[in-house]
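Here's a quick briefing for anyone opening this structure for the first time. Have a look at the picture, then read on for the inside spaces, the strands and a few side chains.

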Amino acid sequence: MTPELDLTGVFPAMCTPFDEDERIDFETLQQDAQRLEAAGVDGLVPVGSTGESATLTHDEHVRVVEAVIDAVDDVPVIAGSGSNNTREALELSERSADAGADGLLLISPYYNKPEQRGLVDHYRTIADAVDLPQIVYNVPSRTGQTIEPDTAVELASHENIAGYKAASGDLGVIGEIAERTIDEEFAVLSGDDAMTLPIISVGGTGTISVAANIEPERTCAMVGAALDGDYARAQNLHHELGPLFRELFVETNPIPVKEAMQIRGYGPARMRPPLSRLAEEYHDDLEAVLDDLERETTDVANAEPESDR
């Protein structure tokens, strides 16, 4: 029996902090996991694209998963374990499962651009071998290939394939997948912060979010309001977060979010090559957006309760 995993809500795509020698800063990593859990997120996703998994060795990858699991008390940990090599993705998935991960996030194979039948075989090979809930991740801008709706629907029938992370920007396609899998135990999750609210409106269940690393409470409030059908509140929160969504993607993710993490005091902005620090021309705008969000939070906290007026 596949373990159950509720893929509803907000799942931050975690950063991997590095020290001055480009070694993983496990203390900061665990503190960050605890901060996010305390903020009310519904799960954590380490060692994905935002976690710079492409620059980690397999041993480092597993140690990050173990460290995050050890740091938290009561939220599931979904480990990124994808690769463009099916054997390698299978090994990472098996090792992540052995480390105690509650689920897996598997980016579609990049660079080699398999046909749709190759994608089906790739995902089924891993799903047949690893008895954990697995999320298929479609991000054509990084992979050069898209997971077509027919392929996603076919994969949804596998008992271990529990969801689809949508980062194509095509709401029509995303809505079609949600519509055609409505009778399956299959979640459609946003993989693009600016699209989270629209995706929920067509049947999505939540988000694997970059912005939630910086604004977990607001992101949770937005997603929670949308899932409850309170679209007026969800829209207001979406617009509050909109400038942050844009600033976090002025350069390749996770460059801006790591800079934002450093500005907020959550972790270092250091990257492993070939990624580099955020260009100076973007720094002031990012800092201004973060200041505005902090000011809005302070204003709300200091507002006189209605009953006291």
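The largest cavity has a volume of about 60 Å³, and a search of the whole structure turns up one cavity of 30 Å³ or more. Keep in mind that this is a predicted model. The largest pocket, for its part, holds about 570 Å³ of space.

**The cavity**

- Which residues line the largest cavity? They are Cys 15, Pro 17, Thr 28, Leu 29, Asp 32, Lys 258, Met 261, Tyr 266, Gly 267 and Pro 268.
- Two helices, H1 (26-38) and H11 (255-264), are the elements that give two or more residues to this lining.
- H1 provides the largest share of the lining of the largest cavity, with three residues.

**Around helix H11**

- Is helix H11 mostly enclosed or open? Eight of its 10 residues are buried, so H11 is largely enclosed by the rest of the structure.
- The buried residues of H11 are Ile 255, Pro 256, Val 257, Lys 258, Glu 259, Ala 260, Met 261 and Arg 264. Lys 258 and Met 261 turn up in the lining of the largest cavity too.
- Just past the end of H11, Gly 265 takes a positive phi of about 85°.

**Around helix H1**

- Glu 37 has its place in helix H1. Why does Glu 37 count as buried? Its relative accessibility is 16%, and the cut-off for buried is under 20%.
- Glu 37 and Gln 235 are 198 residues apart along the chain, and their C-alpha atoms are separated by 24 Å.

**The pocket**

- The largest pocket is lined by 30 residues. Those nearest its centre are Gly 48, Ser 49, Ser 53, Ala 54 and Tyr 110.
- Helix H2 (58-71), helix H3 (86-99), strand E3 (103-107) and helix H5 (140-143) each supply at least two residues of that lining.
- Which element gives the most to the lining of the largest pocket? That's E3, with three residues.

**Strands E5 and E6**

- Strand E5 (residues 161-166) and E6 pair in the parallel sense, with four bridges between them. Ala 166 stands opposite Ser 190 in E6.
- To get from E5 to E6, the chain goes through helix H7 (residues 171-180), and this β-α-β crossover is right-handed.
- E6 is covered on both faces. Ala 187 and Leu 189 sit on one side, Val 188 and Ser 190 on the other, and all are buried.

**Strand E7 and its neighbours**

- On strand E7 (residues 206-209), Gly 206 and Ile 208 point one way while Thr 207 and Ser 209 point the other way, and all are buried.
- Strand E1 (residues 9-12) pairs with E7 in the parallel sense over four bridges. Here Val 10 stands opposite Thr 207 in E7.
- Strand E6 (residues 187-190) also pairs with E7 in the parallel sense, over two bridges. In this pairing the bridge partner of Leu 189 is Gly 206, and Ser 190 stands opposite Thr 207.
- The chain crosses from E6 to E7 by way of helix H8 (residues 196-201), in a right-handed β-α-β crossover.

**A residue in helix H8**

- Ile 199 is found in helix H8. Is Ile 199 buried or exposed? With a relative accessibility of 1%, Ile 199 counts as buried.
- Ile 199 and Ile 174 are 25 residues apart along the chain, and 7.2 Å separates their C-alpha atoms.

**Rings and charges**

- How many aromatic pairs does the structure hold? The count is zero.
- Charges do sit over rings, though. The charged end of Arg 35 sits over the ring of Tyr 266, 3.6 Å from its centre. Tyr 266 is also one of the residues lining the largest cavity.
- Lys 165 lies over the face of Tyr 137, at 3.9 Å from the ring centre.

Terms used
Residues numbered from 1 in each chain as written. Predicted model: local features only at pLDDT ≥ 70, side-chain atom pairs only at ≥ 80, totals over all residues. Heavy atoms only, no water. Buried < 20%, exposed > 50% of the residue type's maximum accessible area, 1.4 Å probe, protein only. Pairing = 2+ DSSP bridges. Right-handed = clockwise from strand over helix to strand, strands pointing away. Phe/Tyr/Trp six-rings, centres within 6.5 Å; stacked < 30°, edge-to-face > 60°. Lys NZ or Arg CZ within 6 Å of the ring centre and 35° of its normal. 1 Å grid on protein atoms, 1.4 Å probe; cavity = no way out; pocket = protein on both sides within 12 Å on 5 of 7 lines; lining within 4 Å. Points joined across faces, edges and corners; volume = space filled by probe spheres on them.
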